[in-house]
Amino acid sequence: AEVKDLELVDETIIEKIGALAQCSIPDILIQENGQQMYGAQLMEFQNSGRVSPGVLNSMMTPQMVSKFIRDNRDEIETRVRATLAFDQIQKENNLQITEAMINERVEEMVEGFKEMGIDYDIERVREQAEELVTSKVILDFVRGNAVIKYT
């Protein structure tokens, strides 16, 4: 239950920071992030056993991705704004991400892909690992330095 509570707090922090960050977002960032979010959602479906690999492949059409982006545009924009704000928080507070942290996360992800028999692009895995590690470091910093009111 504690992990779920922490995930809920993190999601709320991301949402609130994204809502506070006011900036225009190039459409290419919305498209890229929407594709990533859709892919992550499909992986979650597969990992939880809700869809088979065959069904998963049929869901990875450009039309399905476009529909996902259209239907979730506000959430995608909030996430992009949060990412931009996180970059600023990291810079202003000199939050460091080490190669060891990234490598550890890459190893965990690769192990998971191998266990599930999923092909992967190691460069893309590394990019995702770096994003995940960076987000964790920033969220840990924000949780440790912000006043969070539970309602």
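1. Just after helix H6, Gly 117 takes a positive phi of about 70°. The model is a predicted one, in which local features need pLDDT of at least 70 and side-chain atom pairs count only at pLDDT 80 or more, while totals for chains, interfaces and linings use all residues. Residues are numbered from 1 along each chain as its sequence is written, and side-chain values use heavy atoms, leaving out hydrogens and water.

2. Helix H6 itself covers residues 99-116, 18 residues in number. Helices here are DSSP runs (H or I, at least four residues), numbered from the N terminus. From its first C-alpha to its last, H6 reaches 26 Å, close to the 26 Å expected at 1.5 Å a residue; the expected span is 1.5 Å times one less than the number of residues.

3. Which residues of H6 are buried? They are Ile 102, Val 106, Met 109, Val 110 and Phe 113. These residues lie on the same side of H6, because they cover an arc of only 100° around the axis, the arc being that of the directions from the helix axis to the C-beta atoms. Buried means under 20% relative accessible area, exposed over 50%, and partly exposed in between (1.4 Å probe, protein chains only). An α-helix has 3.6 residues a turn, so residues three or four places apart point the same way.

4. On the other side of H6, the exposed residues are Ala 100, Glu 107 and Glu 115. The buried residues of H6 pack against helix H2 (27-47) and helix H7 (122-145), where contact means heavy atoms within 4.5 Å.

5. Helix H2 also packs with helix H5 (residues 73-92), at an angle of about 105° and with the axes 9 Å apart. Axes are lines fitted to C-alpha atoms, for helices over the stretch in contact, and angles run from 0 to 180 degrees between N-to-C directions. H2 is therefore roughly perpendicular to H5, a term for angles of 65 to 115 degrees (under 35 is roughly parallel, over 145 roughly antiparallel, the rest oblique). Among the residues that meet are Ile 30 and Met 37 in H2, and Ile 76 and Val 80 in H5.

6. The loop between H5 and H6 holds Asn 94. Phi of Asn 94 is near 50°, a positive value in a residue other than glycine. Asn 94 counts as exposed because its relative accessibility is 56%.

Definitions and conventions
Helix = DSSP H or I, 4+ residues; strand = E, 2+ residues; numbered from the N terminus.
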